[in-house]
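User: Please take me through the terms used for this model. For each one, I should like the value set against its definition.

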Amino acid sequence: MAIASQFTAEESVLPLPTIMQAAVYRGINDVRVESVPVPEIRPGELLIRVHTCGVCGTDLKKIATGSHSAPRIFGHEISGMVAAAGGSVQQFKPGDRVVVFHHIPCGNCFYCQRKTFAQCDTYKKVGCTAGFEPSGGGFAEYVRVMDWIVQNGTVRIPDAVSFEEACFVEPVNTCIKGIERLQPCAGETVLVIGQGPIGILLAALAQRAGARVITSDLHGQRLTISKDFGLENSIDASRVDVIQEVRRMTESRGADAAILAVGGNGLIKTALDAVRPGGRVLLFAQTARGEAAIDPAAICVDEKTLLGSYSASVDLQDRSVQFVMGREMNLGRLISHRFPLSQSSEAFDLAAHPQPSSMKIVIQPGNSWPASRPGSRRRNAEGNS
Ligand SMILES: [Zn+2]
Ligand SMILES: [Zn+2]
């Protein structure tokens, strides 16, 4: 179906272009902003004009390792506005502000019935594309959302919530999943090592679960931001020894649990040493395969537990939407850098080499939207972030 014929009268003053800009992955560490066709949609599908797309660690990993064939257009933390709706789409219309998921399970198959959603064939298919092999497509001006994502993986953004805040739904989901795995209880002390945006989210969620949270980071600027979120007990790891400091704060025992929100394996031992006998350590950022040195007696004799958590869970989708859309945290405060689509390479480079001042990095095709565009009134809400 031709896109132009799907346009409403309201939108027809702003005809859809046929060509758009997109950040195209061309090979290892090679992402180029190119002109590509605006995707065509079919009945049951949506075309979204992307406002903001978060840069995720998994995007960086794909770009740096060549794990996926080229060319592709990545980006899956997508918020934007419906630009066109294919025939038979009832629930959304042009102008609606939405966030879209890129993976949604069928809910009916053998694996879905057993809640092993990641093994569902439908889940494995990527349902959003800006062209080439479907890969998310958020790092483009427009993204095509396929029918099963329109049905079950597209969520309207309330007026009070900015596009920037809305793109946190997926990362928030991964953090809620990690906290579910760790199960911090009221009265427990949880150490969160690393106060980047994900570390702050994990720490805030552990605190909401009733735990006393201690944060640590090498960069004082990050600890300043985490204090803004009510995370008062912080350790500047550039100045003091984290293990000694945690013991001092816990009657010499050590924390009940620790979360490692920094990549690399060097801090696994620190995290294990910082928890008490019987304590547990959640690895949240150790996504690279390899080998790590641990003291086996810490697991056997001291009865400490190593846990891991990765990616999002569809079971937690409603809770993550509620958390973000209910504005339970000022998520915009976690964004340190906003890049226009034309500077995508700079965005990936900074995200891959974080600086003390860098937190969440987003790419915003929507930063060029003229003020008269529908939704621009709400764009001003970005100013509070
Ligand atoms: Zn992500
Ligand atoms: Zn299924």
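Analyst: Domain bounds here come from an automatic or database domain assignment. The model is predicted: local features need pLDDT of at least 70, side-chain atom pairs count only at pLDDT 80 or more, and totals for chains, interfaces and linings use all residues. Residues are numbered from 1 along each chain as its sequence is written, while chains are lettered from A and ligands numbered from 1 in the order in which they are written.

User: Which domains does the assignment give, and how far apart do their C-alpha centres lie?

Analyst: The assignment gives domain 1 (4-161 + 327-380) and domain 2 (175-308). Their C-alpha centres lie 32 Å apart. Two residues are in contact if their C-beta atoms, placed from the backbone, lie within 7 Å; by that criterion, nine residues of domain 1 touch eleven residues of domain 2.

User: How do you know that the length of helix α7 agrees with expectation?

Analyst: Helices (H or I, at least four residues) and strands (E, at least two) are DSSP runs, numbered from the N terminus. The expected span of a helix is 1.5 Å times one less than its number of residues. For the 14 residues of α7 (residues 169-182) this comes to 20 Å, and the end C-alpha atoms are 20 Å apart, so the two agree.

User: What makes α7 mostly covered?

Analyst: A residue is buried if 20 or more other C-beta atoms lie within 10 Å of its own, exposed if 12 or fewer, and partly exposed in between, with C-beta atoms placed from the backbone. Twelve of the 14 residues in α7 are buried, including Val169, Cys175 and Leu182. Just after α7, Gln183 has a positive phi of about 55°.

User: What makes strand β16 covered on both faces, and which strands pair with β16?

Analyst: In β16 (residues 360-363), Lys360 and Val362 on one side and Ile361 and Ile363 on the other are all buried. Two strands pair if DSSP finds at least two bridges between them. Strand β3 (residues 46-54) meets this with two bridges to β16, running antiparallel, and Gly54 stands opposite Val362. Strand β15 (residues 335-339) pairs with β16 in the parallel sense over four bridges, with His337 opposite Ile361.
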